[in-house]
Amino acid sequence: MLLIDLARTSTAVAADSARLAKIRHLAELLGRVGPDEAEIAIAYLSGVLPQRQVGLGWSGLRDLPSPRQVATATLSRVNGLLDEIKACSGPGSQAARRALTAELFGALTEQEQSFLVRLLQGELRQGALDGVMIEAIAMAAEVPAAEVRRALTLRGSLPAVGAAALSGGVAALRAFRLEVGRPVAPMLAQSAPNVAAALEKIGGPAALEWKLDGVRIQAHRSGDQVMVFTRTLDDITAQVPELVEAVLALPSTDLVLDGEVIALRSDGRPHPFQVTSGRVAGKLDVAKLRASTPLSVFFFDALRVDGRDLLESSAAERHAELARVVPDKLLIPRLVTADPAEGEAFFAEVVRQGHEGLVVKSPRATYAAGRRGAAWIKVKPRHTLDLVVLAAEWGHGRRKGTLSNLHLGARDPETGGFVMLGKTFKGLTDKLLAWQTEQFLRIADGPTDGWVVTLRPELVVEIAFDSVQRSPRYPGGMALRFARVLRYRPDKRPEDADTVETVRSLMF
């Protein structure tokens with residue numbers, strides 16, 4: 001298949017605002033793609049690269065060769081050149097990368113060049129997020145969308161799942177199983193203002209579990225081998241020896257567990273999140289890092305125990321299996337209750353000990369991997385949202401020379417873009433100002449010598465605020481009141497940011 005076919009489909013998808021129309025455009029193309037290029041097509045049209053990063057930034061895409069008049073570039077050829085560009089390293093790598101980039105873009109038409117540039121810069125804003133692509137794959141393969149979602153839960157890669165559906169239908173999708181060593185997307189939580197509201201949403205007794213301000217992990221064990229993954233499915237096994245040792249000490253040798261690692265002070269209270277995340281990110285001299293900043297391990301769910309898959313089991317059954325193989329000291333503290341007063345007292349205790357709050361869980365729910373369903377509800381002592389930084393303004397006075405005032409955006413699943421909710425410069429320390437200025441200049445999407453610097457939507461920031469109020473000033477018709485920066489979230493991607501609907505549900 002030619003790249004121009006994808007570029008034209010992308011244009012058609014972006015032009016149609018109706019969800020069903022987008023699905024039909026995508027399904028028509030997927031019905032024509034060959035089996036050897038299906039994964040590439042699905043990845044590209046989902047706005048992602050199979051290589052994740054290839055080392056081509058904004059500066060490397062400024063001076064492109066003149067476009068061709070006739071489209072001849074195939075998906076395989078384009079993706080092969082991107083593989084070669086990514087592989088460039090060592091002496092002479094910059095020249096080699098430039099030559100390959102010129103070869104790649106010199107073989108493309110103007111429309112193809114535009115498509116590929118936007119893909120490389122993470123700006124393929126056409127409204128073809130996972131939900132739309134899942135429906136398109138299902139339509140093209142003539143399979144139920146539920147089968148595609150189930151397979152995606154287990155495989156974690158939409159291109160791989162889509163290619164299987166297109167080539168083998170339902171049978172190929174049902175061949176996917178939970179595999180030890182292959183992480184699945186974690187189940188996520190919605191938000192509620194208080195424990196009473198969370199219990200009301202659950203509709204009966206619920207498990208109230210401490211919400212730690214640590215790093216979410218997924219631990220896999222097969223025999224004497226342990227693998228540990230983050231919520232973004234990155235392998236961090238070498239960086240968390242405490243967790244590896246804890247899992248190896250368990251009686252079961254065939255496990256997949258969901259949990260958290262956190263750095264605690266000597267009095268049991270948590271260090272700031274940056275301490276934990278910095279420790280987990282540290283790859284050099286892990287033994288020294290461990291000695292200075294040891295990690296504590298806590299588990300709260302089991303996806304597999306003794307070779308038995310538990311994804312379709314109820315939360316109550318999963319926790320029973322978890323408690324059977326994991327000692328109490330490694331379990332997240334929890335309370336099962338339907339009483340709001342009892343729950344609020346439990347909430348007050350966890351906050352008193354310095355932790356984030358609670359996650360209120362339905363005991364009947366199965367494990368909805370990768371989804372933010374209503375079965376898990378987080379409750380924090382303040383309103384917070386994970387938003388994307390869309391732009392920043394140069395500061396003045398004491399902040400002159402730094403990019404300070406942040407333009408904040410919530411994710412819009414319908415368009416695939418972000419809706420601005422307001423600005424804030426509060427909560428920024430001098431150290432954070434210096435750090436974010438360096439990061440913003442790296443991801444600037446255009447000139448940096450004006451008052452406002454537009455950014456590629458890559459950085460997620462956790463924002464605290466008092467309330468959401470109506471405002472005609474911003475496109476979403478609402479704004480955050482007294483917004484302030486808590487921290488950046490390097491563990492989250494833009495697609496993990498809170499949605500416009502989530503913000504709207506908090507409007508008073």
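The two of them now go through the sheet strand by strand.

Modeller: First, some housekeeping: this is a predicted model, with local features needing pLDDT of at least 70 and side-chain atom pairs counting only at pLDDT 80 or more, while totals for chains, interfaces and linings use all residues. Residues are numbered from 1 along each chain as its sequence is written, and side-chain values use heavy atoms, leaving out hydrogens and water.

Colleague: In what order do the five strands form the open sheet?

Modeller: Strands (E, at least two residues) and helices (H or I, at least four) are DSSP runs, numbered from the N terminus. Two strands pair if DSSP finds at least two bridges between them. Here the order is E4-E3-E5-E6-E7, with antiparallel pairing. Strands E4 (225-230) and E7 (308-309) are the edges, each pairing on one side only.

Colleague: How many bridges join E3 to E5, and how many pair E3 with E4?

Modeller: Eight bridges join E3 to E5, and six pair E3 with E4. Ser-222 stands opposite Asp-254 in E5, and its bridge partner in E4 is Gln-225. In the hairpin of E3 and E4, two residues lie between the strands, and Gly-223 takes a positive phi near 65°.

Colleague: Why is E3 largely enclosed by the rest of the structure?

Modeller: Buried means under 20% relative accessible area (1.4 Å probe, protein chains only), exposed over 50%, partly exposed in between. Seven of the eight residues of E3 (residues 215-222) are buried, so the strand is largely enclosed.

Colleague: And what joins E6 to E7?

Modeller: Two bridges join E6 (residues 295-305) to E7, running antiparallel, and Arg-304 stands opposite Asp-309 in E7.
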